[in-house]
Amino acid sequence: MEQDMIVILDLGSEQNTLIARDIRKLGVYTEIHPHDITAEQLRALPNVKGVILNGGPNRVVDGAAIDASDAVYQSGLPLFAVDHAVRAPQNLAGWPEDETARLRVLSDFVLGTCGAAKNWNMENFIADQVSLIRKQVGDKKVLLALSGGVDSSVVAALLIKAIGGQLTCVHVNHGLLRKGEPEQVVDVFRSQMGANLVYVDASERFLGKLAGVSEPEQKRKIIGAEFIRVFEEEARKLDGIEFLGQGTIYPDIVESGTKTAKMVKSHHNVGGLPEDMRFELVEPLKMLFKDEVRACGVALGLPASMVYRQPFPGPGLGVRCLGAITRDRLEAVRESDAILREEFERAGLAGKVWQYFTVVPDFKSVGVRENARCFEYPVILRAVNTVDAMTASIEEIDWALLHRVTERITHEVQGVNRVLYDLTPKPVGTIEWE
């Protein structure tokens with residue numbers, strides 16, 4: 001069932017995504033588009049019921065104030081302007097800061113003036129995407145790099161529902177995943193969902209390439225480049241692949257700036273793949289916000305532990321094993337991280353704290369173990385809350401919980417004799433250490 005749509009035109013606003021999310025809360029689908037959308041582009045959008053001219057502080061581009069095209073004003077669609085000097089429609093000075101007041105204004109326009117139907121929900125979204133995927137792919141084959149992260153996992157589940165055995169997933173274990181993650185990916189997708197899953201244990205290969213490398217950016221580049229090499233090798237073993245599935249989501253697209261969604265960040269492309277490996281992209285989540293991606297995963301039957309997985313850096317534990325990666329410190333990071341996650345889960349913090357993890361630096365300190373001097377590593381705990389990852393505050397953990405985590409880590413993780421808690425917000429610190 002095709003959803004009714006409200007189009008938000010970016011006329012310099014810094015609240016495009018906020019308003020888009022508010023409209024979706026009302027049960028109506030919405031998309032953000034450039035201010036200079038053409039008549040042809042506007043006509044190509046399905047079921048448009050109204051247009052919001054969303055003005056704001058970035059309204060001057062190249063020395064001139066921007067405005068919507070004549071096509072918009074002549075479209076006959078209901079128009080609603082905010083903070084924008086317009087030729088005809090009603091103009092609101094600015095969006096109310098209070099969410100309830102903002103939703104009331106939007107409801108009056110979207111549901112009242114435009115008469116849009118409340119038909120934006122996960123059931124309809126999944127049905128639409130299944131139909132679109134089948135139409136795009138036909139009887140051809142799709143390849144997907146399945147990291148086990150939220151976005152790639154939901155894409156995999158959606159593609160399995162749409163095309164089943166025409167999808168091949170490649171899960172590359174680079175040896176830098178958290179405890180139990182590779183096993184969960186194999187169990188969920190191969191055993192429970194019946195996916196064609198190629199599992200590649202390349203941990204020794206990655207650790208060999210990383211040996212002695214201490215500079216963070218160099219580590220990231222090695223991990224990224226090696227991942228592409230492994231993925232390429234596996235792709236060349238498969239016949240008839242014409243499509244590549246990707247977990248691009250809506251914030252990735254709209255974050256590209258004032259000229260709205262015309263520029264898509266480079267990381268959405270298949271950067272680094274050889275010239276002779278040309279794939280057409282299948283991106284079924286590209287219009288979903290992160291919370292909607294999670295809701296989609298739940299609706300598709302993925303386990304909560306996978307759907308609500310915390311943000312995890314591409315290089316994985318490689319950027320939490322500070323300096324040159326060694327096997328003993330990598331194992332200390334993995335084991336201490338598992339303990340922290342287990343204790344936060346028990347304390348009811350798993351869904352309340354945005355991100356929490358452990359870090360092991362490349363130095364040791366003196367301690368006492370079994371009445372003898374020991375020289376072992378410290379473990380640093382970090383727990384932060386954020387809305388957009390641009391700034392972050394520190395979670396104030398109960399002392400009893402910190403004592404319990406410290407007790408477990410110092411007694412259960414080999415080679416660790418000290419636990420520290422990082423109290424630094426962002427800024428001045430970053431969320432990760434490397």
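Over the ring of which residue does the charged end of Lys364 sit? The ring belongs to Tyr377, and the charged end of Lys364 lies 5.0 Å from its centre. This model is predicted. Arg21 lies over the face of Phe289, at 5.2 Å from the ring centre.

Aromatic rings also meet one another. A pair of aromatic rings is described by the distance of the centres and the angle of the planes. The structure holds seven aromatic pairs. One of them joins Phe227 and Phe231, and this pair is stacked. The two centres are 6.3 Å apart, with 5° between the planes. Both residues belong to helix H9, which covers residues 216–236. Four residues separate Phe227 from Phe231, about one turn of the helix. An α-helix has 3.6 residues a turn, so residues three or four places apart point the same way.

Phe344 is part of helix H13 (residues 327–346), whereas Tyr356 is part of strand S13 (residues 355–359), so the pair ties together parts that are 12 residues apart in sequence. Both Phe344 and Tyr356 are buried. Elsewhere, Tyr29, Trp120 and Phe125 form one aromatic cluster.

Attention now turns to the interior. In soluble globular proteins, nonpolar side chains tend to be buried together. The largest nonpolar core has 56 residues. Within this core, Leu9, Leu53 and Phe189 touch the most other members. Helix H6 (residues 150–163) gives the most to this core, with 10 residues.

H6 has 14 residues and reaches 20 Å from its first C-alpha to its last. That is close to the 20 Å expected at 1.5 Å a residue. The helix is mostly covered, with 13 of its 14 residues buried. Just after H6 comes Gly164, which takes a positive phi of about 50°.

An open sheet of five strands has the order S2-S1-S3-S6-S7, with parallel pairing. Its edge strands are S2 (29–34) and S7 (91–92), and each of these pairs on one side only. Strand S1 (residues 5–11) runs parallel to S3, and seven bridges join the two. Ile8 stands opposite Ile52 in S3. In a regular strand the side chains alternate between the two faces of the sheet.

S14 and S15 are arranged in another way. These strands run antiparallel and are joined by five bridges. Ser365 has Glu376 in S15 as its bridge partner. The two strands make a hairpin with two residues between them. In this hairpin, Glu370 takes a positive phi near 55°. Asn371 is found in the loop between strand S14 (365–369) and strand S15 (372–385). Its phi is also positive, near 65°. Asn371 has 82% relative accessibility, so this residue counts as exposed.

Backbone angles set a few further residues apart. Most residues other than glycine have a negative phi, and most peptide bonds are trans. Asn47 is not a glycine, yet has a positive phi of about 55°. Asn47 lies in the loop between helix H2 (39–44) and strand S3 (48–55). At 30% relative accessibility, this residue counts as partly exposed. The bond from Lys426 to Pro427 is cis, with omega near -15°. The bond from Pro427 to Val428 is cis too, with omega near 15°. Pro427 lies in the segment after S17 (416–421), and Val428 is found in the segment after S17 as well.

Note on methods
Residues are numbered from 1 along each chain as its sequence is written. This is a predicted model: local features need pLDDT of at least 70, side-chain atom pairs count only at pLDDT 80 or more; totals for chains, interfaces and linings use all residues. Side-chain values use heavy atoms; hydrogens and water are left out. A nonpolar core is a set of buried Ala, Val, Leu, Ile, Met, Phe, Trp, Tyr and Cys residues joined through side-chain atoms within 4.5 Å. Buried means under 20% relative accessible area, exposed over 50%, partly exposed in between (1.4 Å probe, protein chains only). Rings of Phe, Tyr and Trp (its six-membered ring) pair if their centres lie within 6.5 Å; planes under 30 degrees apart count as stacked, over 60 as edge-to-face and the rest as tilted. A charge sits over a ring if NZ of Lys or CZ of Arg is within 6 Å of the ring centre and within 35 degrees of the ring normal. The expected span of a helix is 1.5 Å times one less than its number of residues. Two strands pair if DSSP finds at least two bridges between them.
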